[in-house]
Amino acid sequence: MRVEQNVNELEAMRQHEIMERLKVRLDKKKQELGRPLTYCSVCFGCQMNAKDSEKLEGILEKIGYERTESEEADFLIMNTCTVRENANLRVYGRLGQLKKYKKKNPDMMIALCGCMMQESLVVEKIKQSYRHVDIIFGTHNVFKLAELIENKLDNDGMIIDIWEGTTEIVEDLPSDRKYDFKCGVNIMYGCNNFCTYCIVPYVRGRERSRKPEDIIKEIKSLVADGVSEVMLLGQNVNSYGKNLEEPISFATLLQQVEQIEGLKRIRFMTSHPKDLSDELIEVMANSTKICKHLHLPMQSGSTKVLNDMNRRYTKEDYLKLVEKIKTAIPDISLTTDIIVGFPTETEEDFMDTIDVVKKVRFDSAFTFIYSKRTGTPAATMEFVASEEEIKDRFNRLLEEVQEIAKETCSKDEGKIMEVLVEGLDEQDESLLTGRLSNNILVHFPGEASLIGMYQNVKLKESKGFYYIGEMV
Ligand code: SAH
Ligand code: SF4
Ligand code: F3S
């Protein structure tokens with residue numbers, strides 16, 4: 001294990017050297033052009049991808065690119081998602097449009113990375129139909145961006161570097177944080193669960209946990225830098241630490257994170273119901289820093305469908321778990337993910353989903369129509385329902401979920417609660433937007449100087465999914 005750590009330290013050093021070299025090279029280029037070089041970073045998909053994009057942006061800034069929101073940049077990087085078909089289609093659509101920018105600026109570089117690039121058919125398609133792409137890499141070698149850019153500058157043609165998997169976790173590389181006061185922190189990579197509909201284990205590889213000391217070190221340095229809220233990230237945080245040389249549970253990690261002075265809020269994503277331990281519930285109930293919010297994807301309410309999905313819990317297990325959580329932490333906010341139209345889902349199965357939704361009363365739910373992912377076990381299953389039936393179920397579910405969420409989310413109306421002020425309201429800049437511990441947003445009049453601070457607000461009026469408040 002020590003040997004591997006050394007390899008990773010060496011790799012990080014090597015990448016830092018490349019960044020230094022590239023910086024000199026790009027400085028020269030800027031002088032020649034008499035203007036700054038810009039980059040645009042586009043990210044699809046989940047929080048894990050967003051975190052990777054922050055790392056990519058950190059590298060690009062370190063070598064001297066300046067951020068722009070315009071896709072007409074000198075360097076464009078698109079971090080892709082492939083969890084559902086429409087995620088892929090969006091990328092192809094954008095790629096087509098980029099061609100015209102590259103015609104105007106032949107030095108422009110286009111890089112693609114992320115989950116979609118881990119699929120060989122996708123890379124083949126890009127090689128054939130989108131020849132204006134310069135660099136393609138995947139989810140396992142994000143830390144290599146500088147090296148790939150250097151390769152591209154020294155060689156003609158498309159640079160393609162996709163790793164099948166990795167055991168490597170390279171620490172201590174730059175990262176550009178989106179917010180000054182809150183930050184996502186990877187605690188593990190990959191997934192071992194192989195839910196039958198899901199592509200993630202194929203494109204993100206096997207579960208690898210970071211060592212607790214590396215996580216704590218990172219959070220301490222974030223706190224020293226002004227961060228007060230962290231979001232611990234993993235596809236299944238409840239199985240954190242099981243495969244470490246010195247195994248440790250997620251609950252124990254949380255207790256260690258809680259000890260960090262100056263840190264005020266701890267969030268985490270995502271929890272698989274099958275691995276959520278009593279120990280974790282207890283730690284959450286006794287914690288003053290862990291936010292009162294749990295995202296607990298149910299996917300379906302039917303035991304038969306859950307079995308076909310390989311989720312490894314039943315309808316009753318899920319309901320029992322929710323009961324246990326609500327008893328231990330009465331003010332918890334529960335959110336979930338639900339898939340409608342899994343191939344084996346009948347009307348009766350769907351009614352089980354509605355039944356669970358009615359019983360649990362989620363604060364919000366992300367609802368998805370099942371999307372076939374080639375290579376996953378569910379892709380070869382026959383559909384028992386028609387497309388129309390599935391659409392109809394989706395609409396019925398959405399209506400149910402929204403009606404319940406409206407009622408559940410307004411339960412704190414009239415109370416005074418603490419928010420972390422995250423920024424100006426996007427619609428009305430005279431208002432600030434703050435986030436409650438339970439993840440619900442509050443908009444209230446206030447000065448921009450409060451951004452990043454904690455503030456007590458009175459929740460004057462519930463608007464269904466957010467509140468209008470006033471400072472007290
Ligand atoms: N690791 C997380 C989920 C990551 S993917 C977990 O296990 O909860 C985020 C969500 O996308 C999933 O919860 C699921 O609801 C949805 N999803 C994944 N694959 C899908 C597919 N093939 N079709 C439709 N939705 C899907
Ligand atoms: Fe996909 Fe299941 Fe892993 Fe979540 S736990 S990423 S749904 S395989
Ligand atoms: Fe998408 Fe990859 Fe996340 S497939 S949901 S970006 S892990």
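This is a predicted model: local features need pLDDT of at least 70, side-chain atom pairs count only at pLDDT 80 or more; totals for chains, interfaces and linings use all residues.

Visitor: What makes the approach of D337 to ligand 1 a polar contact?

Guide: A polar side-chain atom of D337 lies 2.6 Å from an oxygen atom of ligand 1, and because a polar contact is a pair of N or O atoms within 3.5 Å, this pair qualifies. A polar backbone atom of Y197, 3.0 Å from a nitrogen atom of ligand 1, also meets that cut-off.

Visitor: How do you know how much of ligand 1 the protein buries?

Guide: Taken alone, ligand 1 exposes 540 Å², and the protein buries 91% of that. The shell around the ligand has seven nonpolar, four polar and four charged residues, while β13 (333-340) and β14 (364-369) each supply at least two residues of this shell.

Visitor: Why are β7 and β10 called paired strands?

Guide: Two strands pair if at least two bridges are found between them, and β7 and β10 (residues 229-233) have five, in the parallel sense, so they count as a pair. In β10, E229 is the bridge partner of K182.

Visitor: Why do β7 and β11 stand at the edges of their sheet?

Guide: The open sheet has three strands in the order β7-β10-β11, with parallel pairing. β7 (182-186) and β11 (265-269) each have a single partner strand, so one side of each is left without a neighbour in the sheet. From one strand to the next, the twist averages 25°.

How values were computed:
Residues are numbered from 1 along each chain as its sequence is written. Chains are lettered from A and ligands numbered from 1 in the order in which they are written. Side-chain values use heavy atoms; hydrogens and water are left out. A polar contact is a pair of N or O atoms within 3.5 Å; within protein, one must be able to donate a hydrogen and the other to accept it, and residues adjacent in sequence count only if both atoms are side-chain atoms. Accessible areas come from the Shrake-Rupley method with a 1.4 Å probe; for residues, only the protein chains shown count as cover. Helices (H or I, at least four residues) and strands (E, at least two) are DSSP runs, numbered from the N terminus. Ala, Val, Leu, Ile, Met, Phe, Trp, Tyr, Cys and Pro count as nonpolar, Asp, Glu, Lys and Arg as charged, and the others, Gly among them, as polar. Axes are lines fitted to C-alpha atoms, for helices over the stretch in contact, and angles run from 0 to 180 degrees between N-to-C directions.
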